Amino acid sequence: MYHSEPMMADFDPHFKVFHDLMPFKVQEILLVSSLYDAFIMEEDGSLATRLIHEYHGLNLSKPPKITRAGSPGEALALLDSGKFDLVITMPYLGGMDACALAREIKKRWPQLPVILVAHNLRATFPEMADSGIIDKSFLWCCEADLLLAIVKNVEDHRNVDADTRRAMVRVIIYVEDSPLYRALFLPLIYGEVVRQTQSVLDESLNERHRILRMRARPRILMATSYEEAMALYQAYRPYVFAVISDARYRRAGRLDSSAGIEFLSHLRSETPDLPLLLVSSEEGNRGPAEAIPAIFLHKNSSLLRDEVHRFFLDHLGFGDFIFRLPDGRAIASAANLQEFERQLRRIPEESLRYHALRNHFSNWVMARAEVILAQRLHMDNFAAVDDLGLLRDDLVHKVRSLRKLRQRGVVARFPAEDYDSEVMDFVKIGNGSMGGKARGLAFVWALLQGAARPGSPLARHAVTIPKTCVITADGFSAFVAENGLRLEEGMSDERIADTFLDAPLPSWLRQQLRLFLQRCERPLSVRSSSLLEDGHFKPYAGLYATYFLANNHADFNERLAQLESAVKLVYASTWFENPLSYSRSAGHGRDDAMAVIIQQLAGADWGGHWYPAISGVAQSRNYYPVLGMRGDEGIVHIALGIGKTVVEGGKSLWFSPSGAAKPLQFATVAAMLDSGQQEFYALDLSPGACLRRHDSNLTRRNIHDALGEWPVRQLVSTYVAEEDRVRDAFLPGPKIITFASLLKYGQYPMAELLGELLKLGKAGMGGEVEIEFAVDLAEEMERSVLYVLQIRPMVGGGRPGEVLVSALERERAFCFVDSALGHGHIDSIADVVYVCPDRFDIARTREVAEEIGVINRRLRRERRPFLLIGPGRWGSADPFLGIPVQWADISGVAAIVEVRNAAIRAEPSQGTHFFQNITSLGIPYLTLDEGAREPGRPTPFLSWKRLHSWPRREDGVFLSHLVLHRPLLLKCDGVRGEAVAIFAEDLADDHGANGRESS
């Protein structure tokens with residue numbers, strides 16, 4: 001058996017029907033007994049404690065509470081003052097017997113069940129059997145399992161109408177008039193039903209789902225007479241699963257020794273395949289039982305428990321399914337649905353027909369609480385089928401469809417021996433936490449299951465997650481502990497990586513990875529999922545390592561070695577400088593732990609390179625809503641190939657989901673030529689490719705080298721120089737990635753799908769969200785698939801409040817922007833570090849980043865936050881689009897100004913991991929577009945002259961570092977997107993509350 005992490009069971013639509021089952025639960029029991037009776041009943045320990053143990057032993061939900069009353073008067077007083085679901089009474093109560101008490105209770109609470117338990121048969125008041133005053137009577141045998149059976153039987157009788165109507169729950173009818181044998185058989189039947197149902201529940205389900213599915217176990221309805229039994233059968237005939245009957249009980253008001261035989265004979269005439277069991281203390285009834293035919297069981301058999309168990313296994317579909325030939329010879333078996341499907345493909349046609357037409361398939365599946373599949377496999381559906389090949393295909397299709405459906409939205413524990421990668425989409429290795437990124441992925445996986453509403457594009461197009469395996473964080477903990485790894489002061493990232501690579505993974509993890517990889521032949525991504533990653537307040541986006549594996553080496557052991565190395569390198573990144581610096585900035589005082597996500601890589605093999613047609617990031621909030629865009633419409637950034645282009649700040653196309661047909665970025669031909677993507681990332685599939693520590697086999701390709709590949713041809717347009725025009729066709733001339741076939745001509749509704757996903761994610765997470773995705777375009781566009789790779793909350797800085805930037809403050813500021821993220825004011829910055837425009841060299845941005853890192857480390861040691869100003873995208877992976885700083889290079893920054901000017905005119909940074917981490921820490925992020933003019937609005941500016949006028953602490957090769965006598969004031973109005981930075985000396989003397997109003 002394999003289990004899985006509890007996850008959103010209340011949300012899962014596949015199990016919604018089970019939530020509504022068993023609405024009535026016995027939660028409060030009133031036990032009415034003398035002190036002596038109570039002493040006898042609790043001779044072997046507290047009755048309540050034994051009942052709790054019985055519930056827990058069978059993995060049942062909340063056991064009821066027992067309240068004891070010592071007299072009828074006390075019992076009636078308790079019933080007046082509190083709500084009870086069941087009354088259990090002993091026969092003699094001093095001054096009033098159980099019948100009198102029951103009569104009084106029924107008069108005042110007619111629906112309240114009253115059960116009599118007695119220590120001898122005479123005290124069960126047999127003369128009151130048909131009076132209806134006492135619902136049922138039992139002989140007490142000092143067993144807690146009888147109390148459990150009584151409780152469950154009361155619940156079953158109350159719930160059966162609703163449960164059969166809602167979920168076609170099966171019914172077992174048990175007919176017995178003897179309090180002695182009822183007390184013996186009812187616990188036996190319940191114990192068998194519960195244990196057998198638990199043993200056959202679908203192996204892939206998580207524990208929450210297993211408990212829910214237990215609600216669909218067969219209901220046991222008890223009758224004491226022929227008429228009562230017949231009424232139950234007639235009322236629930238479509239749902240009757242089996243009948244267990246005594247031979248002798250009352251019929252027409254008199255004891256009839258053949259009542260049971262006649263009752264079962266009638267049932268057999270109407271339902272030929274119904275399992276029937278006759279229980280009798282008279283051996284002479286064996287022959288009549290076999291003539292029905294029905295199974296016979298002697299009540300006084302020394303093997304009674306084993307024989308009941310065998311009846312459930314052989315006739316009610318519990319246990320393994322035994323495939324037989326018509327002559328009864330066993331030829332195969334199946335213990336679960338996966339093995340069942342496998343054998344259906346293999347068994348001879350005569351065995352297939354034999355079982356199908358005797359309803360064996362339906363009964364076996366019904367025992368697994370698979371009601372709908374049991375209906376579809378009922379023999380009535382196959383009676384007219386002559387082509388056994390079609391019958392086999394139909395059976396296999398129905399079973400496989402159910403298995404796939406049951407896995408959707410479920411995170412299952414990795415089943416080492418029976419892993420079916422075609423059916424199981426999301427598995428986990430280990431028992432610990434899945435980490436933030438995997439939790440987000442599991443959340444959206446569950447969220448998608450209820451998203452395909454009528455009319456939604458999500459109902460018409462495939463939106464899913466890649467096949468995923470998560471190594472939980474206990475794998476990391478075991479790896480570190482078993483190898484005695486310690487983070488030493490001053491260890492470089494390179495040394496940490498070498499140390500981790502030299503250490504072996506735990507043996508259990510290596511074995512699980514081997515079994516996983518044996519069933520996985522597509523390229524893989526190996527990604528971090530730390531416990532702190534993608535949180536609501538500190539997302540750690542992009543700070544940990546991701547590796548890509550071609551997974552195509554001829555030697556399986558080499559493939560496995562590369563996978564193990566990738567896992568260890570992801571583990572090592574937990575201790576790298578960037579995430580540790582971020583943790584210090586975020587104020588996290590504890591070490592992180594790491595889970596790992598292994599995913600099949602979206603895309604296909606194009607000329608020895610693997611890549612998806614499109615990768616991107618979609619955000620529900622647009623922090624830069626320019627030229628008529630609205631912030632609440634969201635924004636999408638997309639690029640050809642693997643998503644490294646987008647998340648690391650390379651050239652990508654951005655648009656609003658509602659305005660995708662006319663991206664503002666492509667407003668002119670010149671803009672298209674300037675900002676159109678020319679290079680993309682793909683995974684190298686060449687035979688010699690192996691895991692590389694820094695770039696994970698990714699290669700950067702020029703689009704003109706891939707014009708023969710279908711995704712590129714589908715997404716490019718052509719620049720026709722003679723016309724100075726871009727045509728949306730594959731013509732001679734320079735090519736530009738425009739995505740026009742999708743965005744402009746709507747051949748695939750990507751923008752509409754992303755808009756729906758953003759709404760879905762925002763509603764589910766209760767706030768703004770960011771989604772990473774990839775799209776595999778098929779030549780038949782309706783077969784294309786959008787893969788959700790990650791979802792996380794977007795985090796804005798600051799607290800809400802009124803922060804107004806006045807005209808006077810704009811006049812006195814050395815910097816004003818009308819595109820700012822953050823909210824509030826900062827008056828603790830006394831250091832300004834800026835890239836000098838006259839010394840800036842776009843070819844040397846990596847050196848600029850190194851120089852910033854040196855200053856940052858010194859200022860962090862001195863605990864001096866600083867304002868950082870410079871051109872282009874901060875944190876860009878493309879050194880020609882901005883300064884490629886890592887987080888460790890700017891971890892002491894208090895605010896950032898991103899300048900767009902003649903030197904670099906890159907689009908703003910939003911959509912990158914770097915940008916996500918900046919905003920999550922509440923660091924104001926100001927974007928200045930020098931030269932931008934918008935009628936009716938103040939013009940943004942930065943006074944380089946004012947900056948240059950201040951004395952410097954130092955002038956570097958590219959940077960200047962100012963030290964101010966008094967801290968400057970930075971005000972950021974996140975509502976209006978405006979911000980000013982003012983030197984203290986330029987503030988008016990009367991600059992009061994309005995100028996310094998905090999959020």
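Gly-317 sits in the loop between helix H12 (304–315) and strand S13 (321–324); helices (H or I, at least four residues) and strands (E, at least two) are DSSP runs, numbered from the N terminus. With a relative accessible area of 10%, Gly-317 is buried, where buried means under 20%, exposed over 50% and partly exposed in between (1.4 Å probe, protein chains only).

Setting aside neighbours within four places in sequence, Gly-317 is in contact (heavy atoms within 4.5 Å) with Phe-312, Asn-363, Trp-364, Ala-367 and Arg-368. Take Ala-367: it is 50 residues from Gly-317 along the chain, yet their C-alpha atoms are separated by 5.6 Å.

## About the model

This is a predicted model, in which local features need pLDDT of at least 70 and side-chain atom pairs count only at pLDDT 80 or more, while totals for chains, interfaces and linings use all residues. Residues are numbered from 1 along each chain as its sequence is written, and side-chain values use heavy atoms, with hydrogens and water left out.

## The chain as a whole

There are 32 helices and 43 strands in the chain, and 59% of its 999 residues are buried. Of the contacts with a separation of 6 or more, 72% are between residues 24 or more positions apart. The chain exposes about 39,700 Å², with carbon and sulfur atoms supplying 50% of that (Shrake-Rupley method, 1.4 Å probe; for residues, only the protein chains shown count as cover).

## Salt bridges

The count comes to 41 salt bridges, each a side-chain nitrogen of Lys or Arg within 4 Å of a carboxyl oxygen of Asp or Glu. One of them pairs Glu-768 with Arg-621 (3.9 Å, N to O). That pair links distant parts of the chain, 147 residues apart: Glu-768 is in the loop between helix H28 (750–765) and strand S32 (769–776), and Arg-621 in the loop between strand S24 (614–619) and strand S25 (635–640). Glu-768 counts as buried at 18% relative accessibility, whereas Arg-621 is partly exposed at 28%.

Glu-679 and Arg-700 also meet in a salt bridge (3.6 Å, N to O). Glu-679 lies in strand S27 (residues 679–684) and Arg-700 in strand S28 (residues 698–702), so the pair ties together parts 21 residues apart in sequence. Glu-679 is partly exposed at 38%, and Arg-700 is partly exposed at 40%. Elsewhere, Asp-80, Glu-104, Lys-107 and Arg-108 are linked in a network of salt bridges.
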